[in-house]
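User: I am new to this one and would like to go through it slowly. Could you show it to me and then take my questions as they come?

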Amino acid sequence: MTDNTAAPTDQTPEDPTPREQNPAQTRCGIIAVVGAPNAGKSTLVNRLAGSKVSIVSPKPQTTRFRIRAVVMHGAAQLVLADTPGIFAPRRRLDRAMVAAAWESTQDADLALLVVDARAGLTEALQSILSVLKRSRAPVWLVLNKTDLIDTKKLLPLTAALNEQIQFAETLMVSAESGDGVDRMLDMMAAHVPYGPYLFPEDDLSDLPDRMLAAEIVREQILRQTHQEVPHHTTVETEQWEERRDGSVRIDCTIYVGRATQKAILIGDGGAKVKDIGRRARTELEKLLERRVHLFLNVKERQGWDEERARIRAIGLEDIG
């Protein structure tokens, strides 16, 4: 027999719903994080999130697709869309990456333009500014890496950039050290509109575990290889097997464009790919909080960055 009696509750008429269900008490907004390659967007998003949600490396064009990080700050949920660096595209993959970055600004409540303060007003940044002028969302200027530049140079740079666009706010931060990040969080939380949360409060990202595994492997490729190899490589998770002991077996395939790149990735006697796998497994065990059995396979696939299937597999929309 089913008991249909309502469960007792300690809520009063003055407090009819929990905070997260009352759009009059909570704020939520989508914030697009855009900028030129190597501006420090992913490092900033990770710092704001207080956890690793995007891979980082010293090399440009590390992020290839949009990743949403979910940040709770007081009664506000900030959905940060970390985007690929915007550059002049040549390959089908490049065009899909740039399109993903610009698409993020279309449905955003706020756009953050992250600028490497050391690089200043570059040609690539000038191109971005020309498009951002048409943004429907307010645009904030975020000068990053300010701890690495003489402060006397910041005001002229700020003035030069504000001549291009009238930014709603200008912030000076260091994503690496965390300087200015707390104030930035306070300001964003106060800016986003009132409304219900888009994600559960304990979510960190909308990135599926299978794609997380592939990205962590690719991060180690970026860090452990040089020259053209990292940018002509993609990683796909082919198999994800949950084991009875609580561990997981992950099989990833690394695609490269040429036989020489495959040889570099594998290394003498398989040493390089073993090192990449060991480092990626250690990182995944921290993120997944359980034991990981990681197996890597390297395949040569010429022209993979022009294949629609490969582009869709890494989470991008093929725009031709």
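**Starting in a helix**

Analyst: D275 and R279 are four residues apart in helix α8, which means that about one helical turn separates them. Helices here are DSSP runs of H or I with at least four residues, strands are runs of E with at least two, and both are numbered from the N terminus. Please keep in mind that this is a predicted model, in which local features need pLDDT of at least 70 and side-chain atom pairs count only at pLDDT 80 or more, while totals for chains, interfaces and linings use all residues. Residues are numbered from 1 along each chain as its sequence is written, and side-chain values use heavy atoms, with hydrogens and water left out.

User: And what do the side chains of D275 and R279 do?

Analyst: They meet in a salt bridge with an N to O distance of 3.1 Å, where the term stands for a side-chain nitrogen of Lys or Arg within 4 Å of a carboxyl oxygen of Asp or Glu. D275 counts as buried at 18% relative accessibility, whereas R279 is partly exposed at 35%. Buried means under 20% relative accessible area, exposed means over 50%, and partly exposed is what lies in between, using a 1.4 Å probe and protein chains only.

User: Which residue forms a salt bridge with R281?

Analyst: R281 pairs with E285, and their closest N and O atoms are 3.7 Å apart. These two are also four residues apart in helix α8, so they too are separated by about one helical turn. R281 is partly exposed, with a relative accessible area of 29%, and E285 is partly exposed as well, at 23%.

User: How many salt bridges does the structure hold?

Analyst: There are nine salt bridges in the structure. D116, R118 and K145 are linked through such bridges into a network. D251 forms one with R249, with 2.8 Å between the closest N and O atoms. In that pair D251 counts as buried at 15% relative accessibility, while R249 is partly exposed at 23%.

User: Where does the charged end of R249 sit?

Analyst: The charged end of R249 is over the ring of F295, 4.0 Å from the ring's centre. For this, NZ of Lys or CZ of Arg has to be within 6 Å of the ring centre and within 35 degrees of the ring normal. R27 is likewise placed over the face of Y194, at 3.9 Å from the ring centre.

User: Let's change topic to the inside. Which residues have the most contacts within the largest nonpolar core?

Analyst: Those are L44, L112, M184 and M188, in a core of 28 residues. A nonpolar core is a set of buried Ala, Val, Leu, Ile, Met, Phe, Trp, Tyr and Cys residues joined through side-chain atoms within 4.5 Å. Two or more of its residues come from each of β1 (27–35), α1 (41–49), β2 (67–73), β3 (76–82), β4 (110–116), β5 (139–144) and α5 (181–191). Of these, α5 gives the most, with six residues. There is also a second, separate core of 25 residues, and I67, V217, I221 and V235 are among its members.

User: What is M188 in contact with?

Analyst: Leaving aside neighbours within four places in sequence, M188 is in contact with I31, L48, L78, L80, L110, L112 and W140, a contact being heavy atoms within 4.5 Å.

User: Back to α8 for a moment: is L287 buried or partly exposed?

Analyst: L287, which is found in helix α8 (residues 271–288), counts as partly exposed, at 29% relative accessibility. Not counting residues up to four places away in sequence, L287 touches K52, L212 and I216. The C-alpha atoms of L287 and A213 are separated by 9.7 Å, although the two residues are 74 apart along the chain.

User: How many disulfides are there?

Analyst: The count is zero, taking a disulfide to be a pair of cysteine sulfur atoms within 2.5 Å. C28 is buried, with a relative accessible area of 8%, and C252 is buried at 2%.

User: And overall, how many helices and strands does the protein have?

Analyst: The protein has nine helices and nine strands, and buried residues make up 49% of its 320 residues. Among contacts between residues at least 6 apart in sequence, 72% join residues at least 24 apart.
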